[in-house]
Amino acid sequence: MIPLVNYLIVGAILFGLSFVGIIINRRNIIMLMMCIELMLLAVNTNFIAFAQYFADPAGEVFVFFILTVAAVEAAIGLAILVLLYRRTGSIGVREINVLKG
Amino acid sequence: MIEKLSLLVVLLPLLGSLIAGFFGKRIGIRGAHTVTILLMSISFFCALAIFKLVVLDGGSFDGTLYTWAVSGSFQLDIGFLIDSLTAIMMVVVMFVATIVHIYSIGYMKGDAGDQRFFCYMSGFTFAMLMLVTANNFLQLFFGWEGVGLVSYLLIGFWYDKESAAVGSLKAFIVNRVGDFGFILGIAAILDYCGSLDYATVFSKLSSLSQTTISIFPHHPWSIITVICILLFIGAMGKSAQMPLHVWLPESMEGPTPISALIHAATMVTAGVFMVARMSPLFELSSVSLSVVMIVGATGALMLGLLAFVENDIKRVIAYSTMSQLGYMMAANGASAFHAGIFHLITHACFKALLFLAAGSVIIAMHHEQDLRKMGNLKKYLPVTYITFLIGALALSAVPPTAGFFSKDAIIDAVRHSTIIGAQYSYWMLLIGAFVTAYYIFRAFFMAFHTAERMDEHTRVHLKEHWIMLLPLILLAIPSLLLGIFVVKPMLYASPGFLGKSITVLPQYNVLAQMATQFPGAWNTIKNCVHTLPFWFSLSGIVSAWITVILLPKMNGFFYRRLSWIRDLLVAQYGFDIFNHWFFTRGTLKMSEFFFHTGDLKVLDAGMVDGSGRGVTRISSLLRKLQSGYLYHYALIMIVGLLGFLVWMIY
């Protein structure tokens, strides 16, 4: 039986990696989306670990929801990405700063 | 019955005013005259009927007609108190007002604002009647302000003349000072008595006589004294007592009928009336009685002296008015309220007469008011000459005119009085008698005797208008005869004309002492050679005759020798200079400060522009956060989340 702590460490590492990926990634917006997905997966890992630890299936049910939402989000994000590329001809994060006031 | 009649008396002038004001163009000048004078006459006869019912038959009415507003525990009512004092005042006001209305037809002929003039005058009469009929302080204040407003409008009647506009403003502003005291007094009454009704207030007063108030720390003042003095400040403003008298000479810029009606006979006596009406209040405070007496007596002499160097015929009479108001106030201070009111009545007649006669002179002279340009008018204006002479004699208190009885009674009452300052006041009033006779006969001789000094064009056109002579004659009769018939019931009989409407405590009751020595009206006239005031008046007349007719060179001698006195008098003791230096310039300086520092710097630059600039500055700082890069936002979000986490755990 793998102890809970190991799961949590893996989750934390995944989360930290994806976080760093979001912060330091300056080039590719696809990388950014992948990092967000990875962040969700880290959260999922935690959910599953706790579900098993407390023998409560609610956590596992949550994971299904989150996966669904993540898929939807990825689909919408990619769609936006395609539009963005058509409009600006680039998917570089550095170039997308029209949000600033 | 009394209630209905008094409603008629009060509301008919208002109706006349509204008709002349709103439909003046439609009914024309003649229509406005007819309507207002007709309504005034009806109102006058109703006032006479009230006089009969109240004064002669002893009826009275005190009641609320209408509740204006209810606020918490107290009510603001409109009501009438018709007792003998009110009835007498109503007759006086209506008598003079009606006569002045008739006179104005002649005086205002050809003036563009004729209907407006009649509208104002009737409106004034309404406000004055509201003032005298009031049974509570609120209504008194309403009338008080109403007459002040119309006075302002009428002084500035010829508003395109700058001196008139300035004079009206001055009258209004100086009166505000007085009214400030007045309204504070009313507020104090409301605070301590919980009601504004005369009857309630007077019945609660005796319980207040021990109550004190500390305006300055550690100096307890009797609350009644404070109230009385505050109310008296109001009376000082309205009745032109020192040092709030400065507006009355300026008010002479208005048309002469107004000077007669408002600034001689009725409005300026409102203060005297008010003090008499509040006699139960003033009697409880000997300090305030002394203040009233001393202020009155000082004004009676000092303001009369100013007329010595005045060459404007109307202003001479204006100073005389202030001086006579001083006499009335001094009488009130000596607790001889009856004498004060009696002098108010006789003064209303002879001073209105003097003003109207002066108006007749002014019209004949084509609006020339300078005495130095008149002379020998008796040849051209005989009726004006005789009526002015009667007025001047009455003013100088020469027997048997009305003024003799009233003024003698005042001087005698002050002599009998024992309160603080009575001795001083007595001498002031006595010298004042000399002064009065001197200045009015100086003006009289300068205008009607001596050599003709007008130019040829004016001289040819000198003539009297009959419509202006009728009022003169109507006023000359009471000026001459009123005293003989009225002096006994007014002052010495009990119950007299004023009945119970005036309260005098026994220890101050000087009139009762005088009543024991009163020999009857005819004998008073016979005995006058034994009294000081008579000789003072006579010597005044003789001195005027000497300096104006017999030895005109003497004036020049006095001017050279006593030039500093002359300068002092011409400068009117420097009140105007002081007011101008201190209040006007001070106000200007202060407004300058508030404009430049307060408004421009603090409000405009600091708060209005400053808030805009502040937003710009803060937003230019905040804009640095909005880089537009996703990873910045993500970083901030994560940091925020961590912050929350830390905050939630600890």
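Reader: Hi! Let's start with B:E368: how many other C-beta atoms are within 10 Å of it?
Author: Hello! B:E368 has 17 other C-beta atoms within 10 Å, so it counts as partly exposed. The cut-offs put a buried residue at 20 or more and an exposed one at 12 or fewer, so 17 falls in between. Keep in mind that this is a predicted model.

Reader: Thanks! Where in chain B is B:E368 found?
Author: B:E368 is in the loop between α15 and α16 (382–395) of chain B.

Reader: And which residues is B:E368 in contact with, leaving aside neighbours within four places in sequence?
Author: Those are B:I362, B:K373 and B:T458. As for B:S17, its C-alpha is 30 Å from that of B:E368, and the two are 351 residues apart in sequence.

Reader: Let's zoom out. What does the secondary structure of chain B come to?
Author: Chain B has 27 helices and four strands. Its C-alpha trace spans about 115 × 65 × 60 Å along the principal axes.

Reader: How many of the residues of chain B count as buried?
Author: Of its 650 residues, 52% are buried. Also, take the contacts in chain B between residues at least 6 apart in sequence: 80% of them join residues at least 24 apart.

Reader: Which residues touch the most other members of the largest nonpolar core?
Author: That core has 222 residues, and the ones touching the most other members are B:I50, B:V96, B:A330, B:A352, B:L353, B:I410 and B:L429. In soluble globular proteins, nonpolar side chains tend to be buried together.

Reader: Pick B:I50, then. Which residues is it in contact with, beyond four places in sequence?
Author: B:I50 is in contact with B:I2, B:L5, B:S6, B:V9, B:I82, B:A87 and B:M90.

Reader: Changing topic: what can you tell me about α6 of chain B?
Author: Helix α6 of chain B runs over residues 162–193, which makes 32 residues. From first C-alpha to last, α6 of chain B reaches 46 Å, close to the 46 Å expected at 1.5 Å a residue. There is a bend of about 25 degrees in α6(B) at B:V177. Just after α6(B) comes B:G194, with a positive phi of about 70 degrees.

Reader: Nice! And what is the peptide bond from B:M242 to B:P243, cis or trans?
Author: The bond is cis, with omega near -5 degrees. B:P243 sits in the loop between α8 (223–238) and α9 (247–250) of chain B.

Reader: What about phi at B:S335?
Author: B:S335 has a positive phi of about 65 degrees although it is not a glycine. You'll find B:S335 in the loop between α14 (313–333) and α15 (337–364) of chain B. B:S335 is buried, because it has 29 other C-beta atoms within 10 Å.

Reader: How far apart are the C-alpha centres of domain 1 and domain 2 of chain B?
Author: They lie 66 Å apart. The domain assignment gives 285–570 for domain 1 of chain B and 574–649 for domain 2.

Reader: Last one: how many residues does the contact take from chain B and from chain A?
Author: It takes 10 residues from chain B and 11 residues from chain A. On the side of chain B that touches chain A, six are nonpolar, three polar and one charged.

Conventions
Residues are numbered from 1 along each chain as its sequence is written. Chains are lettered from A and ligands numbered from 1 in the order in which they are written. Two residues are in contact if their C-beta atoms, placed from the backbone, lie within 7 Å. Ala, Val, Leu, Ile, Met, Phe, Trp, Tyr, Cys and Pro count as nonpolar, Asp, Glu, Lys and Arg as charged, and the others, Gly among them, as polar. Domain bounds come from an automatic or database domain assignment. Helices (H or I, at least four residues) and strands (E, at least two) are DSSP runs, numbered from the N terminus. The expected span of a helix is 1.5 Å times one less than its number of residues. The bend at a residue is the angle between axes fitted to the seven residues ending there and the seven starting there. A nonpolar core is a set of buried Ala, Val, Leu, Ile, Met, Phe, Trp, Tyr and Cys residues joined through C-beta atoms within 7 Å.
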